[in-house]
Each structure stands twice: as structure tokens, then as C-alpha cells.
Amino acid sequence: MTDEANRLIPDFVPNAAEPVREHLAASTDLATFLQQAGTLTLDERRLIAAQALILLEQNYVHLPLKAAMYAVNPVQRLRLLIHRLERQTPQDMPPEWMFHTEMSEIFHSVRDLHTNYLLPEPFVGKIAFLPFLVERYTDQQGAHFMVTQVAEGFQAPGFKPGVEITHWSGIPIAEAVDLAAARFAGSNPEARRSRGVQSLTVRPLRIHLPPFEEWVTISYVDEGGTKREFRENWRVVDNLPAFVDADTVSSVAAAQALDLEADETSRARVLLFAPRVLAQAKAAEAGEPAPDLRAGEIATTLPNVFRARTVQTSAGTFGHLRIFTFSVDNLETYMKELQRLIGLLPDRGLILDVRDNGGGLVFAAEFALQLFTPGRITPEPVQFINTPLNLRICRKHRDDPRVNLGAWVPSMDQAVEIGTVFSGAFPLSPEDAANAIGQQYFGPVVLITNARCYSATDIFSAGFQDHHIGPVLGTDQCTGAGGANVWTLDLLTDLLAGDADSPYVRLPKKAGMRVAIRRTLRVRDNSGTPVEDLGITPDELHRMTRTDLLQDNADLLERAGQILQSLAPHAVSITDATATDGALRLKVKTLNIDRLDVYVDQRPRASIDLADGQADVTVPGAATARSARLEGFASGRLVASRTEQLQ
């Protein structure tokens with residue numbers, strides 16, 4: 001093991017230490033890693049470019065929007081690339097990195113994190129990293145870039161969390177971030193800047209080209225005010241594996257809305273800087289007690305997905321639920337654990353935190369909304385762009401229970417006659433399933449977002465705002481603005497498997513592509529508004545502070561607590577249910593409710609006014625009822641709903 005590798009190996013917690021130490025010991029410097037690259041033949045390059053043209057020209061739902069908003073023409077650029085490739089020979093073709101660069105630039109030109117060129121081996125599953133993390137905060141002097149995590153075992157004079165970076169390889173740090181932001185996709189300035197900061201030290205090589213530089217010179221000011229500098233090599237290692245298979249036909253793969261870069265980066269950050277999460281995941285898998293829980297934290301069976309805890313603020317004690325990802329492959333397990341966790345959190349108010357969540361399964365995002373509101377959830381509808389190829393796919397799978405594409409066929413058929421650009425709009429999430437559980441948390445809820453919220457998290461945030469579940473508190477002026485369901489080229493290939501004239505071909509050496517296939521539209525007050533490029537604007541803005549970055553979001557949680565303090569909780573519950581003399585008798589307890597409507601077996605049976613929060617309700621002829629639903633109102637507004645199974 002080299003001395004440099006030893007510097008990068010964290011001293012991990014028990015039960016996770018040795019596997020991770022051995023894993024990081026296998027990391028290699030960037031220059032050595034790149035010696036394995038460059039094996040694509042000219043024919044393989046031509047095949048990749050041809051498949052990209054099919055995806056962008058015939059499947060890409062946002063092509064008209066992107067051409068209009070950013071004055072780009074990725075289809076023509078691909079045609080020109082294909083033309084040049086046809087004139088090349090194996091002897092005079094440019095180096096492979098130039099081909100990857102052009103392909104990446106074409107895909108990045110549309111500023112869509114759903115639509116990606118995925119590099120082939122040896123880049124598949126690899127991350128390039130530096131052994132520390134940089135984050136941005138703002139004060140009256142402007143933006144600052146501070147080290148917030150350092151891998152244990154790494155040392156440089158005075159270098160630790162809290163030091164501020166001044167220059168990056170000689171470039172003033174703010175300008176270096178802007179240069180990185182311009183290189184990577186992002187559909188609004190704050191999203192691009194946020195990803196520019198993120199990419200300083202962690203880059204998934206499946207999505208990004210390798211760093212141009214083999215090493216970085218970091219200039220910083222230590223705690224004593226001394227200016228210092230050191231040089232650090234980029235290193236490459238295998239990332240943690242993905243949670244979901246998005247390449248094989250299934251209901252989960254067909255309902256993906258995921259920022260792959262964010263998903264890869266999130267797993268990389270766990271590997272590098274969150275060993276306790278790995279230890280907790282290993283313990284949960286083995287059915288053992290969770291190690292290293294922090295004060296107020298609740299053990300979870302899904303530590304890669306949730307972090308639940310009680311937080312103290314000057315405004316009171318509240319629950320804080322972090323949802324790191326919606327990328328899950330078992331929806332039932334996810335929903336049960338979500339319900340369990342919110343049932344253990346304080347009922348006075350909940351801080352629901354989805355910052356940095358790159359999305360995942362649309363069902364996981366939209367099914368979760370019902371738990372926090374008494375109202376009925378309307379899932380977001382989605383649309384295909386009308387092309388012969390999309391229509392062909394939908395016709396073939398109109399009765400396929402795995403993908404359920406039949407609803408879109410009539411409008412796409414009609415488009416041949418009337419020339420509409422998009423198909424009809426229908427939801428991915430079945431509406432009944434999105435409301436099958438109902439409200440489970442009865443305190444007020446505030447949602448925290450940032451510019452790295454993307455895809456299914458944009459859908460979740462839009463649904464939260466459109467259904468008036470609670471205020472949205474943003475640490476940036478907008479979410480990442482990713483509004484689409486995304487399919488991989490391998491999934492599209494499988495959907496037309498067996499067709500002799502299918503245009504899709506699997507790519508060589510595990511190269512890949514993803515495309516935004518169906519765009520999402522908002523509902524209720526914002527009905528019909530696309531999410532792509534617009535995102536969700538928060539109701540209130542809180543810029544991250546130095547204290548937030550060093551003290552576990554202290555200022556942010558304080559602000560959220562103040563918002564919750566101003567909101568009244570509402571609750572309704574059945575304390576006793578008995579069947580007597582052919583009638584159903586319910587004892588009901590409520591909080592901040594002035595009217596109660598009672599439904600028995602889904603039928604309205606009673607409505608009463610309340611004064612003291614207590615009520616006895618008798619429903620004649622309902623002794624054999626199976627369920628009762630209570631709907632509580634305050635000043636004519638539905639504020640709480642609870643369904644109880646009686647038998």
C-alpha cells in the first residue's frame with residue numbers, strides 16, 4: 001500500500017472499518033487509471049453517435065423547449081459528428097477523450113440532468129475524488145467556500161473543517177466554481193453554481209469527463225489567519241453500487257425520475273465521509289442495533305434513505321426528517337418505514353428536509369405526500385413528445401402491466417391528424433394508490449429545499465406546494481428544475497426486443513445513455529405548468545450560514561422552527577369505537593377543529609360542530625361497519641383526516 005493511499009484511508013467505525021479501508025486502499029491516481037482508457041474502435045464510436053441521434057431526435061421530450069430556451073441544436077451537432085466519423089479512418093481518428101468530450105458537450109448543451117451520455121469502461125462505476133469536501137455559505141461580505149469534511153487520516157498543515165479556500169490551482173475560488181459550473185449541466189444559475197461547488201472534489205466518471213488536471217493546488221487560510229497551500233492528486237476508486245436497476249423492463253425502471261449525477265455523488269459522499277451510515281446499513285441488514293446514533297436520532301432500517309431525529313430550537317421541539325433519496329426498489333418497505341419514523345417524531349411540528357435529494361422512483365415521491373395532508377393527492381401528469389417511434393413503443397406496451405402505456409396511445413394516434421407536439425397528459429402514479437394510506441402526521445410541516453433537489457424531488461416539492469401542505473423554505477431561490485420521467489437506452493432496447501427492425505442497439509463496453517422521455521406538469525393552482533427549467537420557488541429563503549455548515553444546520557433549523565411555531569397543529573382521533581343496539585358509537589378527540597364530518601364505509605353519515613375538542617358520535621345502522629373516516633375542519637378548511645379500520 002502506498003503512503004498516499006494510507007493518507008486517504010479513513011479510520012472507520014467498527015463493523016465498517018476493514019471493508020472500507022481495503023476498498024479505498026484500492027484507489028489509484030488519475031494518471032494511472034487513465035492508462036486503461038481509450039479502447040473504443042471507430043465503428044464503436046459511430047454506433048454510439050448514431051444511437052444518440054435516435055434518442056435526441058425521436059425520444060427526447062424537451063427538445064423543443066431546450067432549443068428555444070438555450071438556442072441549441074444537439075441534433076444537428078450529432079449529424080455533423082456522424083459525418084466527420086464517416087470520413088475518419090482507424091489510423092487518423094482523434095484520441096478517444098476528444099470523442100467523449102464532444103459527446104458530453106452535446107448532451108450538456110441542453111442543460112438537462114436527465115439526458116446524459118454515460119462513458120464506457122473503464123469509467124463505469126468509478127469516482128474521482130479529493131479527500132475533503134467544500135461547501136458554500138453566504139454572509140454580508142458575500143459568498144465563501146469552506147471545507148466542511150476531511151477524510152480521517154488525511155493531513156495538511158492547519159487544514160480541517162472551517163478553513164476557507166481562497167484559490168483553486170491559482171484561480172480565485174469563486175471564479176473556479178463558475179468555470180466548473182459552466183462545464184456541467186444545470187437548468188438554472190443557482191443549480192449550476194451548486195453543482196460547480198460539488199464537482200470541486202467529487203466527480204462520478206460515468207457522468208463527467210475525468211478532470212483535466214492530474215492534481216489540484218489548494219490555497220487556504222487556516223484558523224490563525226495564516227495563508228497556506230498544498231497540492232493533492234486526484235484519485236479514482238469504485239463507487240458504492242446503485243440502489244435500483246433502471247435498465248431492465250419493470251414498473252420501477254419505467255417510473256424513474258433521477259438525477260444520476262446526484263445519486264452517484266451522494267453514494268460517493270457516504271463512502272468517503274459518512275462511515276457511520278455504512279455501519280448503520282450493515283447493522284440494519286443483519287438485524288442488529290444501529291451503532292453511533294446521535295442525540296435525538298431514531299434508528300432506521302433504511303439509513304441510506306432516511307435520517308429522523310428530534311431537534312431543539314428556541315421556538316420549541318420539533319421533528320427533523322431528512323429524505324436523502326427516493327431511489328428505492330421496494331416501495332412497500334419504504335412507505336412502512338416512513339410511516340414508522342414520522343409516528344415516533346414530535347407531533348408539534350415536522351421539518352421535512354429534501355436538500356440534495358436527486359430523486360428516484362416517482363411512486364416513492366408522490367405516495368409520500370398523502371402522509372402529511374388531509375386533502376386528496378392529485379399525482380402529476382406526464383406527456384410524451386409525439387413521434388412515430390414513441391407511438392410504436394406505446395402501442396406495443398399498451399397492455400403491459402409493467403409500464404402501462406395504453407393511456408397515451410389515443411392522443412398520440414390523433415396527433416397524426418391534428419399535429420400536436422405532445423401527447424395527452426396522464427399520471428404515472430395511480431391516484432387511488434397515492435391516497436390509499438391517508439394522513440399520518442397531524443402537526444404542521446415545513447419543507448426545506450435547495451438547488452440540488454431534482455427530478456422526483458422536484459415532483460415531490462411541487463406536489464407539496466400545489467396541495468398547500470405547508471410552507472417551502474429554500475436555501476436557494478429555486479430547486480434544480482428537473483421535470484421528467486427518464487429512461488435508459490437499455491430499457492428502450494428491451495421495450496422493442498424481438499422487433500427485427502428495432503432502431504435500438506446495445507452500446508459497446510458498457511457505454512450508455514439516458515433520455516427524458518415524459519415531461520411532468522404541475523397540478524391544482526399551477527395546473528399545466530411544466531417543472532422542467534422552472535422548478536419550485538420557495539415561499540421563504542434562507543441562505544446557508546457558516547454556523548449551518550459547521551453546526552449541523554443550526555441556523556436553518558432555527559428558522560424552520562420559527563415558521564412551525566406560527567402554524568397551528570390540527571388533529572383528530574377515535575379514542576373508542578363500540579357497536580350497540582345496531583349503531584356505531586364513536587368517542588372522538590380533536591385539536592383546533594370546529595367541525596367534524598364522519599364517513600362510515602366511505603359514505604357520509606354525520607356532521608357536527610365542535611366547541612371543546614370532544615365529541616360522541618352515534619351512527620345508526622352501522623354496527624357492522626368496517627371503517628370510519630373523520631374529517632376535521634377549521635373555519636371551513638379541511639385541516640385533518642384520519643381513517644380507522646373497525647374490524
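The lining of the second largest pocket has 17 nonpolar, 6 polar and 9 charged residues (Ala, Val, Leu, Ile, Met, Phe, Trp, Tyr, Cys and Pro count as nonpolar, Asp, Glu, Lys and Arg as charged, and the others, Gly among them, as polar). Please keep in mind that this is a predicted model, in which local features need pLDDT of at least 70, side-chain atom pairs count only at pLDDT 80 or more, and totals for chains, interfaces and linings use all residues. Residues are numbered from 1 along each chain as its sequence is written, and side-chain values use heavy atoms, with hydrogens and water left out.

**The second largest pocket**

- About 650 Å³ of space lies in this pocket (a pocket is an open set of points on a 1 Å grid over the protein atoms alone where a 1.4 Å probe fits, with protein on both sides within 12 Å along at least five of seven lines; the volume is the space filled by probe spheres set on the points, which are joined across faces, edges and corners).
- Its lining counts 32 residues, and Arg206, Ala242, Val244, Asp247 and Leu260 lie nearest the centre (lining residues have an atom within 4 Å of a point).
- Two or more lining residues come from each of β12 (256-258), α11 (260-273), β22 (484-488), α18 (489-495) and β23 (512-520) (helices, H or I with at least four residues, and strands, E with at least two, are DSSP runs numbered from the N terminus).
- Helix α11 gives the largest share of the lining, 4 residues.

**Helix α11 and its neighbours**

- α11 packs against helix α12 (residues 275-286) at an angle of about 100°, with the axes 6 Å apart (axes are lines fitted to C-alpha atoms, for helices over the stretch in contact, and angles run from 0 to 180 degrees between N-to-C directions).
- The two helices are therefore roughly perpendicular to each other (the class for 65 to 115 degrees, whereas under 35 is roughly parallel, over 145 roughly antiparallel and the rest oblique).
- Val270, Leu271 and Phe273 of α11 meet Pro275, Val277 and Leu278 of α12 (contact means heavy atoms within 4.5 Å), and these contact residues divide into 6 nonpolar, no polar and no charged.
- α11 also lies across β3 (126-129), β8 and β11, running at about 130° to β8.

**The sheet of 4 strands**

- An open sheet with antiparallel pairing has the order β1-β11-β3-β8 (two strands pair if DSSP finds at least two bridges between them).
- β1 (28-29) and β8 (202-204) stand at the edges with a single partner strand each, so one side of each has no neighbour in the sheet.
- β1 is joined to β11 (residues 235-238) by 2 bridges, and threonine 28 has valine 236 as its bridge partner in β11.

**Helices α8 and α9**

- α8 (residues 173-183) and α9 (residues 189-198) pack at about 110°, their axes 7 Å apart, which makes α8 roughly perpendicular to α9.
- Val177, Asp178, Ala180 and Ala181 in α8 meet Arg192, Arg193, Gly196 and Val197 in α9; by class, the contact has 4 nonpolar, 1 polar and 3 charged residues.

**The sheet of 3 strands**

- β25, β26 and β29 form an open antiparallel sheet in the order β25-β26-β29, with β25 and β29 as the edge strands and a twist that averages 20° from one strand to the next.
- 9 bridges join β25 (residues 571-580) to β26 (residues 583-591), with valine 572 opposite threonine 590.
- The hairpin of β25 and β26 has 2 residues between the strands, and aspartate 581 there takes a positive phi near 55°.
- β26 pairs with β29 (residues 614-620) over 7 bridges in the antiparallel sense, and leucine 584 stands opposite valine 619.
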